[in-house]
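Me: I am new to this structure and would like to learn how to read it. Could we take it one feature at a time?

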Amino acid sequence: MSYQMDVQMVDVELERFNMNKIGLEGDLEHMMKLKPTLNPESKIVKETDHAYIYDHKSARVQVVNKTALFILELCDKNNSVKEIIEKLSAMFPHISESKLEKDVVTFITDLIERGVVTF
Amino acid sequence: MSPLKYLFLYLTFDCNMNCRHCWVYGGSAKTKPLDTKVWTNAVDQAADLGLQLVKFTGGEPVLEKSLLFDLIETGVEYTIETNGTLFTEHDIMRISKTNIVEIDVSMDFPDAKRFEAFRGLSHSFEKVTHTIRLLHEYGIPVVCVMSVFKDNLKEVPAVADLVFDLGACKFKAHPVLSMGKAKQFSRYLPLNAYREFVQVLERMDKKYPGKIGTFLPWALIAGFMSNPLTITRSVCEYKSLLTLLPNGDISLCGIGIINPSTVIGNIKYTTLSEIWENESSLLADLHSMNPLQLEGICKRCIFKNYCANMCPAFVYDVYGKFAASYPICEELKASGLFPEEYLV
């Protein structure tokens, strides 16, 4: 699996999600300790190269790539955000930790905003 | 009040072809069109309500050529759905000087013999292919639309190759639906062929990226394609459109001819503003239709917000109401052929 996080989430209607638009808010250090979990009202359908995430509350569907799905599957209440970054780093040692941290925090922040994961 | 973005004008139900799958009873029964002034007034009224695009259709709208040109030369942005047999080069030259957005031309087979047998008009294949080429040469975006059924499923790649070779900018392949006159048609795409149909479209999408479109539910595209994110899906803009039928009746679309109970007024006796702003109960039902409150399989599908129920007119024709589920998905589900991983 190659690392692809530049555009990792798209609406099924091809509305591209620009992760740079969502700023990092709150206490980053505090966020690193939180253990995200998939909202029980969300459903993931895995495909070969991507997955669909359905949020029951909004009835919206997003498409994520393999890297994003890997992160999402680590959102199981057992891994803190910091641990998720560490596991991703082990998988992609050629990607700088600062980039991984920025990408993961931004992605998880977005998942929270969309109601896909909770803490 | 939301804008009335789209106005469909069925200039006539007359048609020089005789297609068994035609859902609006297009044919040779001559109907007297409304005066040009009635049509132009309707377009003016729609402009005040937010009109963005007019679609001319029928029947064969080019049979009312004089009326058609009176309307398109008013400066309106428009599309035409046509069988492509009646345009002269002079017509196409005139069209190229107007605000044409695209012309949709029907093409269902890659050869004259089967095309003309299906469309019921001799020597039409050569005329249609000539028209497509001319439209392209005059810089008019031409979209070729294939009605897919049992006997031409295997021909989808050949038809796509043909129309792109002629200069089409897009190719759309839609399954024939069992509604209106087409209920008598017996050669529908079998339920167990939908997977093959979607997979053929995927191969065409790889060959012609961004140029393939279809009118299929998201669950079938997601379920039967390995990478469904590039294909174009047509959707019904039912909350933003009204239709005028040849006799002035106002409806959602051609459903007004096959189900007269869906006619909500007549342009000879009312205005589009009155219709749009004082919603009848039928129009109010349509405008308030919430995909989350659909019934049946649509209610359970994760893509309900994106399909709604695909085609409220087809749904109405089958179930007698707009807010029901899409019949094809229901039939696929009943046959064990629906990709159930998308149901919650």
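Predicted model: local features only at pLDDT ≥ 70, side-chain atom pairs only at ≥ 80, totals over all residues.

Me: How should I read the interface, and how many residues of chain A are in contact with chain B?

Reply: The size of an interface is often given as the accessible area lost when the parts come together. Here there is a count of residues instead: 15 residues of chain A are in contact with 14 residues of chain B.

Me: Which strands of chain A supply at least two residues each to that side?

Reply: They are β3 (42-46), β4 (50-55) and β5 (60-65) of chain A. The largest share, three residues, comes from β5(A). Sorted by class, the side of chain A that touches chain B has nine nonpolar, two polar and four charged residues.

Me: Which residues of α4(A) are buried?

Reply: A:Leu100, A:Asp103, A:Val104, A:Phe107, A:Ile108 and A:Leu111 are the buried ones. They lie on the same side of α4(A), because they cover an arc of only 120° around the axis. The face turned away from that buried side carries the exposed residues A:Ser98 and A:Glu113.

Me: What do the buried residues of α4(A) pack against?

Reply: Their partners are α2 (66-74), α3 (81-91) and β6 (117-118) of chain A. Just after α4(A), A:Gly115 has a positive phi of about 80°.

Me: How do I read phi and the peptide bond in general?

Reply: Most residues other than glycine have a negative phi, and most peptide bonds are trans. In chain B, the peptide bond from B:Gly58 to B:Gly59 is cis, with omega near 25°. B:Gly59 sits in the loop between β2 (53-58) and α2 (65-72) of chain B.

Me: Where is B:His123 placed, and is this residue buried or exposed?

Reply: B:His123 is in the loop between α4 (112-119) and α5 (124-137) of chain B. Its phi is near 60°, a positive value in a residue other than glycine. B:His123 counts as exposed because it has 9 C-beta neighbours inside 10 Å.

Me: And B:Met310: buried or exposed?

Reply: B:Met310 is buried, because 23 other C-beta atoms lie within 10 Å; the cut-off for buried is 20 or more. The phi of B:Met310 is positive, near 70°, and its loop runs between α13 (304-307) and α14 (312-319) of chain B.

Terms used. Residues numbered from 1 in each chain as written. Chains lettered and ligands numbered in written order. Contact = placed C-beta atoms within 7 Å. Helix = DSSP H or I, 4+ residues; strand = E, 2+ residues; numbered from the N terminus. Nonpolar A, V, L, I, M, F, W, Y, C, P; charged D, E, K, R; others polar. Buried ≥ 20, exposed ≤ 12 C-beta atoms within 10 Å, placed from the backbone. Arc of directions from axis to C-beta.
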